[in-house]
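Reader: I have a model open and would like to learn how to read it. Where do we begin?

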Amino acid sequence: MAGTIDEAKKKFSRIVNSRSYTRFNQSQNPDGESSRVVVKLSVDGEEEIDGVEHGHVQHETYTRPSPPVPLNKGKIICSVIIVLLFLCLGILIGYATHRKSEPPSCPSPDSLDEDNNSEVQPSYDVPAPTMDWSDIIKVMNEKLSSNAIQDKLSEYSKVDRQAGSSGDNMLANKIHDTFMKLKMEPWVDEHYVMLQYPSSSNPNKVLFGSEEIGSPKGFLAYSATGRKTGRVVYANYGLLEDLKDVKDSGVNLNGSVILLRAGKISMAQKVGNAAEQGAIAALIYPDPADYETLSSDTELYGHVHLGSGDPYTPGFPSFNHTQFPPTKSSGLPNILAQTITANMARKILVKMGGRDARSNFIGLFSSYKLGRETDIVTVEVNNNLVDTKIHNVFGVIKGFVDADKYVVIGAQRDSLSSGYAKSAVGTTLLTELARIFTEMKKDGFKPRRSIVFASWSAGDFGNVGVTEWLEGYWASLDKKAFTYISLDGVVTGVGSFRASASPLLHKLLQKTMQKVINPIDSVPVKLRQNLFQSYGGNLENLLRPMMMDDSAYPFLALAGIPSISFSFVPAGASADYEYFGTVLDNKESLGTVTGQKVGDMSVAAAQVAGQIALRLVHDHILKLDVTKYAETISNHVKTIINRVVELRHAKVDKSESLSTLWLNRAKSSFVQAAKALDEYISKSDLEDLEMCRIINNRIMKVEHNFLSPYVSIRDAPFRHIFFGVGWQTTTDLENYLKIVAQKNATFDLDQVLNQFALLTWTIQGCANDLAGDIWSLDNEI
């Protein structure tokens, strides 16, 4: 009988409830009264992320339900009568059977408390009540504590944290437990990646002639291995212009061992440049002119993969079940690469002869020669590849309106050396912000969108953990993750501020800096300036191009997700924190460069990251400024037009065939679309949640649409036309046109026309998508 009654109820429910919404599902309370609305963080279709199956997808464009198809009235009446008969019969039988056997019940105090304290989330049709923005910032700032940060920082910096080690795994478990206690529904991604470490039984070596210069403990992961001998050549920082200067001096770099200073560019770029010149090995050392406070025996650690992620699974996520093709990244060097100490480099430079190095090559050693044919150096690298399991740990604070849209806040957890400033500070702030945001929800804050907290592993090997996760889910992440905020290396000084960000985030960064007070001003608290005033009042002077080693870079250039990284740095700092990649990246060093203000500066960094994240999940419309991208596009198009003019002035053959008309029109289309969207937003009813969601979806597509659709992700993983790497970028085109105008390269008209066409249609396609529905477009191009 019970089964029949249940079946009847189901049929009745199907008839009465003619509409359903997959964004939320309602679960009936045990007492049969009011329903509790449960919001699920959803993924596309039946996709499972991290072993947990999530709810149904909210479609990209919210649409009102269509009118139900008319049903046969006679069938409806008969069905209703049958259902009512079954219901009445079931109720009578149940009442007669159980009425005498069950005592009357009343709710206990505990159950009342549970009902009152349970978090009832609103349906999509009703906007979530939330705190005022000023109250949100006030509550967050009150909960941030310098002492709490310093206590947790001491805890997170104690263990050895090499990727995949027991210390790294222990820290991952600790973070997972923290997220669990905060009820953030944590999950873990496991990846099986190839990492490279020195051999414990067969150390790497460097010899000058037959004399052993040393056996360095520092190393460069992903170097080629073996033993190579050749003439040694000194080439400053290994910049392309440095190598050109050496060649112009009559020195043959083919088959040479190139000695390079650390700094200016990444070690991977140095080794890549050396390999292009035919070198067989590269030695990299810290010159005292650049690393003033390092001891002469300080070892350097790093990697030389000119790319991101596991270089032995390029384009594929390194999950255990993935079938990998027998391939490796084109960014892996085919030459030996090794770091040496300043003392070892001094021994080599003293023995070298040949021409004097140029004045801009000179550091603080007594001798800098380019090298003679007879200056022979042998480099031996015996690193081993190790198949390693790493863990990325995640927790989520779910939104109350658009739970399937989220900002990601991430921090690298591992370190090849001490990693105090590089990873321990960021990991501490990650868990502290998670705690504070969770407590704010209890105080009444209801974010419209979700916040995902991510702890990455294998960052010191080239953002391996970050990239493998992106490769695993990149097909859907750009539709869900609308911003990435990096906490890596956010405190390395006190005198200035430096940031790298998508143009979409420039305006939000500036407004956030104007709301955060500089914690180290010597004046009374009430008279202190905000960060923006303290650091010059000009955002352009604080911005830097985002580099490949930045953990935010794969989000921006690989996945097309607006990203930002920032750091408090010493005054006038133009280079990275000099202790990065050394054992001196410790508590004492960071305390010295910050004047023992690590806690205060960490609070300021948490305020910057926290306010950016909260603003993005609080407002109806995403605080991503599409008009700033209009400026970026205009600047690049202007540069390309000027380069074409230079070609014509230089009377380069066939340059008259180039036309920038269509590229310029594509730029104008984007400018108009961005302006039109701003006007549309200003006239829209922001209480219309359907409208807000449609507008936000248009904004979210902008960054992803700048990933060139005309190149393969396997061939050019960083496909972004403005911030990527490869021939598809505006920078590559601008540089090529420049060197052709200078008569340093031959002009390939077909190549340039092809690049013009692909850039034009990438920008135009983004403009079309930003403009909205196809029937709203002005088909000017």
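**Reading the model**

Author: The chain has 21 helices and 20 strands. Helices (H or I, at least four residues) and strands (E, at least two) are DSSP runs, numbered from the N terminus. This is a predicted model: local features need pLDDT of at least 70, side-chain atom pairs count only at pLDDT 80 or more, and totals for chains, interfaces and linings use all residues. Residues are numbered from 1 along each chain as its sequence is written, and side-chain values use heavy atoms, with hydrogens and water left out.

Reader: How many of the 781 residues count as buried, in percent?

Author: Buried means under 20% relative accessible area, exposed over 50%, and partly exposed in between (1.4 Å probe, protein chains only). Here 53% of the 781 residues are buried.

Reader: Which residues of helix α4 are buried?

Author: Helix α4 spans residues 133–143, and its buried residues are Trp133, Ile136, Ile137, Val139 and Met140. Seen down the axis of α4, they fall within an arc of 165°, so they line one face of the helix. The arc is that of the directions from the helix axis to the C-beta atoms. Ser134, Lys138 and Glu142 are exposed, on the face of α4 turned away from the buried side.

Reader: What covers the buried residues of α4?

Author: The cover includes α10 (420–442) and α16 (598–618). Contact means heavy atoms within 4.5 Å.

Reader: How do I describe two packed helices?

Author: Use the angle between their axes and the distance between the axes. Take α17 (residues 626–649) and α21 (residues 749–771): their axes come within 13 Å and cross at roughly 160°. Axes are lines fitted to C-alpha atoms, for helices over the stretch in contact, and angles run from 0 to 180 degrees between N-to-C directions. α17 and α21 are therefore roughly antiparallel to each other (angles over 145 degrees count as roughly antiparallel, under 35 as roughly parallel, 65 to 115 as roughly perpendicular and the rest as oblique).

Reader: Which residues make the contact of α17 and α21?

Author: From α17 come Val626, Ile633, Ile640 and Val644, and from α21 Phe756, Leu759, Ile763 and Leu770.

Reader: Where is Ala458, a residue with positive phi?

Author: Ala458 sits in the loop between β17 (449–456) and α11 (464–477). Its phi is near 60°, and Ala458 is not a glycine. Ala458 is buried, at 0% relative accessible area.

Reader: And is Lys651 buried or exposed?

Author: Lys651 is exposed, at 75% relative accessibility. Lys651 lies in the loop between α17 and α18 (661–683), with a positive phi of about 55°.
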